[in-house]
Amino acid sequence: MVPILQIQGVSKRYEAHQALNQVSFNVPPGSIFGLLGPNGAGKTSLIRIITQITGPDEGKVLFEGQPLQPRHVQQIGYLPEERGLYKKMKVGEQLVYLARLRGLEKADAQQKIKAWAERLELTTWLNKNVEDLSKGMQQKVQFIATVLHEPRLLILDEPFSGFDPVNANIIRDEILRLREGGCTIIFSTHRMESVEQMCDYIVLINRSKKVLEGSVKEVKTVYRTNTYCVEGQGKLLITSPDFKVISQKQAGNDFSAEVQLEPNVGSNELLRYLLDRVEIHRFEEKVPSIHDIFVQLVTQPQHG
Amino acid sequence: MDKIWLVFQREYLVRVRKKSFIVMTILGPLLMALIMIVPVGLMMMSDDTKIIQVLDESGLLAGKFNSTQELKFVSVQGPLERAKQQYLQSEDAALLHIPTINLDKPSGIQLYSQKSASISVITSIEKQLKQELEAIKFERSGIDQKVLDQIKTKVNIQTVSLSDEGEKSSNVGVTSIAGFMGAFLIYLFIFIYGAQIMRGVIEEKTSRILEVMVSSVKPFQLMAGKIMGIAAVGLTQFLLWIVLSSAIYAGVASSFDLKRFSDAQISQTMQGMENEREALQAQEINSVMSGLENLNVPLLVGGFLFYFLGGYLLYGALFGAVGAAVDSETDSQQFMLPITVPLILSFIVAQTIIMKDPNGPVAFWMSMVPFTSPIVMMLRLPFGVPTWELVLSMALLVAGFVATTWLAARIYRVGILMYGKKVNYRELSKWLFYKG
């Protein structure tokens, strides 16, 4: 399958500041793709290149196999982190305006606005001025404005900021529903738990370079440390050289421990070793969270 | 193009529907009407006749004072102290005391009043005194007043501009005013609506809408749509003002004219003898009318529209760039200065140098530089400008606004996505060379 978006060796410089340095990756169609990185890593610069607000100094961006062109603006929806609306404009008119700028016909836009307003319970607000809306409401309006023209690719920068948990869930469900409908979503956020929950693939950019790429599963496999959590009853005493005890707690007759396996040692061997000695209530691989991986990669000293 | 049109529509409709626009559109002509009506009304209000008591001890001027609508002269008898007492008990405006005077050096004439007398009353009395005393002196030295009137001559130069096309009588007053009005309108329009462009961009910046916008519209389209939309708002407002104020003017004038006409009739019968003056007035009016007729109206209107739009586009782009470079209106001062200086300068210079010498070197160069040419050329146009100068000035103005638009678009493109950064001129010049 042709990736919906191919980033090929993209570099961008602002004066003395290198914003992007030879970044390449592919975004598979129909996925939710996490674009991660600390503040100032170059995420916004990259998004602005994809949305054609700026162009790359070097490298290419392909949309469905073709070099990015102005007409692709209609296929892309972008919800920036710094977002706002015209305050003195009516919600309905504003949505029509933004949709028409994306190439929608007026009647078509009005019909779609009606449908979306009903879904997100905004119908009564369409005739109000934007400044009369609460922040959460405005965020909903912005979300509608982003998806109204039914883009093939949706770029969401911190989509959940400003939402209470209930509304955040509503928006999350809408995002998942759009994905079901065949939309690809690039998702840029600092909230690792929502990455874990929603993303199929991630790319991590740090100091203008790509440092990690892959499906969430693959990444976690790569960064697994062969560590297992064990809980149960009995006195745990591990003496085998195959296992390394990272931490251990004993409370009366109950124990809990984290045990790391030496290379070439399987989890079954640990299980077998424990079976003879204690009663096991819990045995689970300690999988690194995306959060852990992120922190580990971003804080480790730079090489070269 | 489609997108510029969409932006244009939004900018126009949002502004035209604002309450402030509607209020200003209605209030503007009313204010103008007030400016016209209030002085007239005030004049009418102060029209009550003031009574001046005259105590003439010299015996020269008794009964010589002409009572007018404003002042009525009444003789009283002396001595002075008693007259003063009587005056204080009366409600008359003032007491004029003329002692026995030396005709060659009249002094000691005094005006007593309870409230201080107005300048117009004093000058009117002084004028009458002077006239009467002069008449007495003429009589004594044997000069006939009629002879003197014949000697008095009024000169009125008729100006004729001579060119290849033959001679045309021109009226400097009319030409200056026509040019000045045009220049003033251009000046006003650039300032009011240029500032609106800037405010509009700042508003977009502070509401954080721009990143959403530029992902579907090119910054240049956004800027162009905004500048043109606001121009259309301004033109609409001007048009409405003209329509409304001429309606009001027509209404007011028709009710006033009747009165004025009857006044004129009265004064005509009263001043029947002053035919000569009337003839002169008629001649003057005639010269104004012929001055108006001889203005090249199509050229003036065409020139006005061209310099009006050209000047607005040139400055509008710059105002837009300033808006993009700053975060709030308070920060805009440092960048506004270089924009407003040439405008104000051309307007100040206009009133002195250019009016005096509309074809001199200062006028020439200022009508060539695109930053000053819209105002200066507009002033010069009624006086006749060589075709090559006009063409060159227009070409330079077009080149000028293409250049400022290019410059502004580059600053705009970078500036609208910059938040919370204090910008100086060095930073701005860097923005010009950022790659797309």
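Trainee: How many nonpolar, polar and charged residues does the lining of the largest cavity have?

Mentor: It has 6 nonpolar, 4 polar and 1 charged residues. Ala, Val, Leu, Ile, Met, Phe, Trp, Tyr, Cys and Pro count as nonpolar; Asp, Glu, Lys and Arg are charged; the others, Gly among them, are polar. Before we go on, note that this is a predicted model, where local features need pLDDT of at least 70 and side-chain atom pairs count only at pLDDT 80 or more, while totals for chains, interfaces and linings use all residues. Residues are numbered from 1 along each chain as its sequence is written, chains are lettered from A and ligands numbered from 1 in the order in which they are written, and side-chain values use heavy atoms, leaving out hydrogens and water.

Trainee: How many cavities of 30 Å³ or more are there?

Mentor: Start with the idea. Rolling a probe the size of a water molecule over the atoms shows where empty space is left. On a 1 Å grid over the protein atoms alone, a cavity is a set of points where a 1.4 Å probe fits but cannot get out; lining residues have an atom within 4 Å of a point. Points are joined across faces, edges and corners, and the volume is the space filled by probe spheres set on them. Here the count is 1 cavity of 30 Å³ or more. The largest cavity has a volume of about 110 Å³.

Trainee: In what order do the strands of the open sheet in chain A stand?

Mentor: General idea first. Strands of a sheet pair through backbone hydrogen bonds, either parallel or antiparallel. We call two strands paired if DSSP finds at least two bridges between them. In this model, 4 strands of chain A form an open sheet in the order E2-E1-E4-E5, with antiparallel pairing. E2 and E5 (66-67) stand at the edges, each with a single partner strand, so one side of each is left without a neighbour in the sheet.

Trainee: How many bridges join E1(A) to E2 and to E4?

Mentor: 7 bridges join E1(A) to E2 (residues 17-27). 5 join E1(A) to E4 (residues 58-63). Look at single pairs. A:Leu5 stands opposite A:Val27 in E2(A), and A:Arg13 opposite A:Gln18. On the E4(A) side, A:Ser11 has A:Glu58 as its bridge partner. E1(A) and E2(A) also form a hairpin with 2 residues between them, and A:Glu15 in the turn has a positive phi of about 50°.

Trainee: How many residues of E1(A) are buried?

Mentor: Buried means under 20% relative accessible area, exposed over 50%, and partly exposed in between, using a 1.4 Å probe and protein chains only. In E1 (residues 5-14) of chain A, 7 of 10 residues are buried. In helix H13 (residues 373-380) of chain B, 8 of 8 are. Among them are B:Ser373, B:Ile375 and B:Arg380. Across chain B, 40% of the 436 residues are buried.

Trainee: What does A:Met89 contact beyond its neighbours within four places in sequence?

Mentor: Contact means heavy atoms within 4.5 Å. A:Met89 sits in the loop between E6 and helix H2 (91-101) of chain A. Its relative accessibility is 5%, so A:Met89 counts as buried. Beyond those neighbours, A:Met89 contacts residues including A:Tyr97, A:Lys128, B:Arg10 and B:Val14. Now compare A:Ser45 in helix H1 (residues 43-50) of chain A. A:Ser45 is buried too, at 13% relative accessible area. Not counting residues up to four places away in sequence, A:Ser45 touches A:Tyr14, A:Ala19 and A:Leu20.

Trainee: Which residues of chain B does UniProt list as "transmembrane region"?

Mentor: UniProt's unreviewed entry lists several spans, including 362-379 and 391-412. UniProt positions use the numbering here, feature names are shortened, and annotations may be inferred rather than shown by experiment. Residues 362-379 of chain B are 67% helix and 0% strand, with end C-alpha atoms 13 Å apart. Residues 391-412 are 100% helix and 0% strand, with ends 31 Å apart. Chain B has 15 helices and 6 strands in total.

Notes
On a 1 Å grid over the protein atoms alone, a cavity is a set of points where a 1.4 Å probe fits but cannot get out, and a pocket is an open set with protein on both sides within 12 Å along at least five of seven lines; lining residues have an atom within 4 Å of a point.
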